[in-house]
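Subject: Structure handover

Hello,

Here is the structure I said I would pass on. My notes on what was found in it follow below.

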Amino acid sequence: MRHLADIPRWCDDVTDSANPTRFARRSLLKAAVLGRRDEPGHITLSAPAGGAAVAHNSLVYAVTGRILDVSPHILVLHTDRGEQRFPLAAATEAWRGGSIAPASLRQGDRAIVRRSLPGGPVVDRIWAEIGRVTGTILDREGPNGLLVDEGPAKGRRIVMIGPEATGRIQVRFPRLVPGYLIDVIGLKRDGFLQALIPATSQPPYRAGHPPAAPMVNGHVPDPVSGTAVWHEPGEEPENLLGLAYPALDPETSCERGASGAMACSGEKDAVDPHDTGPGCVRLPYLSVGSVLRLRNDCAERTRLLPVTSCGATARLFCDRCVTCGTSRKGRIADLTMASFVELGGALEVGCFNATMMIGG
């Protein structure tokens, strides 16, 4: 299974920089043509002397870094700004495979924390070594091992499901066999994800045959309601604010090789999400760099976020989020981990009910 996981991602061998310049370049060009929006809350971009595009849209709640030290009262992180210290309140909660006392966190762990107040020093939530795998099962090895294809942009991941987690995961994903979908959250290990909890509740259909979206008269409605989820950073910067959008303009050829991804994958159960239709929610086509206004309906928190990558795999899922009531079917946004926390989401829950408006 490890050998199969090392096979190159589809036939896309294009290398690209993972620094923020790559994700802001399209927005910079759009701002130059359409004008710059400098009002509070808007994303603004500038081009410094070196020519790199910089997004002036900083995190105010979320902080990412590596744990240097932790005690019952102080958390010390090494972040992109150097060493930062955060006081811990009595009510501060921590997650590392489950709820634990913050003092039980481990030095060296990658962590993301959420401040109690925007820009404030105190944090109220800490997640350490949390990971997620979302995609189509390609292979199963024994009772615990799965090889999962996360789509043309992300490649393959190995998932290990321990006996203690099998029952709760199969309640939400009853068909843990090749050709079916899986979405699990757990602890990142060396070379695999130790799955612990199901991220959502998914109807048991084959990945290549998602339910069709209902027909609409005229334009796609704006705003659009549905489910917002999150993904691991991968090649993106850990602190990137943005989202992977499920319906990028086909003219961008996003996530596809010139000869088509399916011809390169060589797996009978691999599914190219571009060939399955729009999924169970209809969204307008956008391009990388487009700006969306996304609202967490549960936390009542809103941010402007740029489209930073392709999220076509989200089309395969026709689930609902029940974090606060029941959302409409379908995933409308796949947020970066930092964006999900910034908007008040709990990573171990996996989703929140969301409303999205195109163009901010």
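Cysteine 321 and cysteine 351 are both buried. They are joined to each other by a disulfide, with an S to S distance of 2.2 Å. The torsion about that S-S bond is about 90°, so the disulfide is right-handed. It links distant parts of the chain: cysteine 321 is in the loop between E17 and E18, cysteine 351 is in strand E19, and the two are 30 residues apart. Please keep in mind throughout that this is a predicted model.

The count of disulfides comes to 3. Another one is formed by cysteine 280 and cysteine 318, whose sulfur atoms are 2.4 Å apart. This link is right-handed, with 125° about the S-S bond. Cysteine 280 sits in the loop between helix H4 (261–265) and E16, and cysteine 318 in the loop between E17 and E18, so the pair ties together parts that are 38 residues apart in sequence. Are these two cysteines buried or exposed? The cut-off for buried is under 20% relative accessible area. Cysteine 280 has 9% relative accessibility and therefore counts as buried. Cysteine 318, at 5%, counts as buried too.

The remaining disulfide joins cysteine 298 to cysteine 324, S to S 2.0 Å. With -80° about the S-S bond, the link between cysteine 298 and cysteine 324 is left-handed. Cysteine 298 lies in the loop between E16 and E17 and cysteine 324 in the loop between E17 and E18, so this pair, 26 residues apart, also links distant parts of the chain. Cysteine 298 is partly exposed, with a relative accessible area of 29%. Cysteine 324 is partly exposed as well, at 31% relative accessibility.

Next, the nonpolar core. The largest one has 40 residues, of which Tyr245, Leu294, Leu335 and Leu347 touch the most other members. The elements that give two or more residues to this core are E12, strand E14 (224–231), strand E15 (243–245), strand E16 (291–296), strand E17 (301–310), strand E18 (331–336), helix H5 (337–342) and strand E19 (351–358). Helix H5 gives the most, with 4 residues. What does leucine 294 touch? Leaving out residues up to four places away in sequence, its contacts include Ala228, Leu305, Ala333, Leu335, Leu343, Ala354 and Met356. Arg301, Thr302, Arg303 and Thr355 are also among the residues that leucine 294 touches.

Strand E14 has 7 of its 8 residues buried, so it is largely enclosed by the rest of the structure. E14 pairs with E19 in the antiparallel sense over 6 bridges, and glycine 226 stands opposite alanine 354 in E19. E14 also pairs with E18, here in the parallel sense and over 5 bridges. In that pairing, threonine 227 stands opposite arginine 331 in E18. As background, side chains in a regular strand alternate between the two faces of the sheet.

There is also a barrel. It is closed by 5 strands in the order E9-E10-E11-E13-E12, with mixed pairing. From one strand to the next, the twist averages 55°.

Strand E13 (residues 192–198) runs parallel to E11 (residues 156–161), and 3 bridges join the two. Methionine 160 takes part in both pairings: it is the bridge partner of glycine 145, and its own bridge partner in E13 is glutamine 194. Valine 159 stands opposite leucine 193 in E13. E11 is mostly covered, with 5 of its 6 residues buried.

The hairpin of E10 and E11 has 6 residues between the strands, and glycine 151 there takes a positive phi near 110°. Helix H3 (residues 163–172) lies across E11, strand E12 (181–189) and E13, and runs at about 60° to E13.

Regards

Terms used: Residues numbered from 1 in each chain as written. Predicted model: local features only at pLDDT ≥ 70, side-chain atom pairs only at ≥ 80, totals over all residues. Heavy atoms only, no water. Pairing = 2+ DSSP bridges. Axes fitted to C-alpha atoms, helices over the stretch in contact; angles between N-to-C directions. Contact = heavy atoms within 4.5 Å. Core = buried A, V, L, I, M, F, W, Y, C linked by side-chain atoms within 4.5 Å. Buried < 20%, exposed > 50% of the residue type's maximum accessible area, 1.4 Å probe, protein only. Disulfide = S-S within 2.5 Å.
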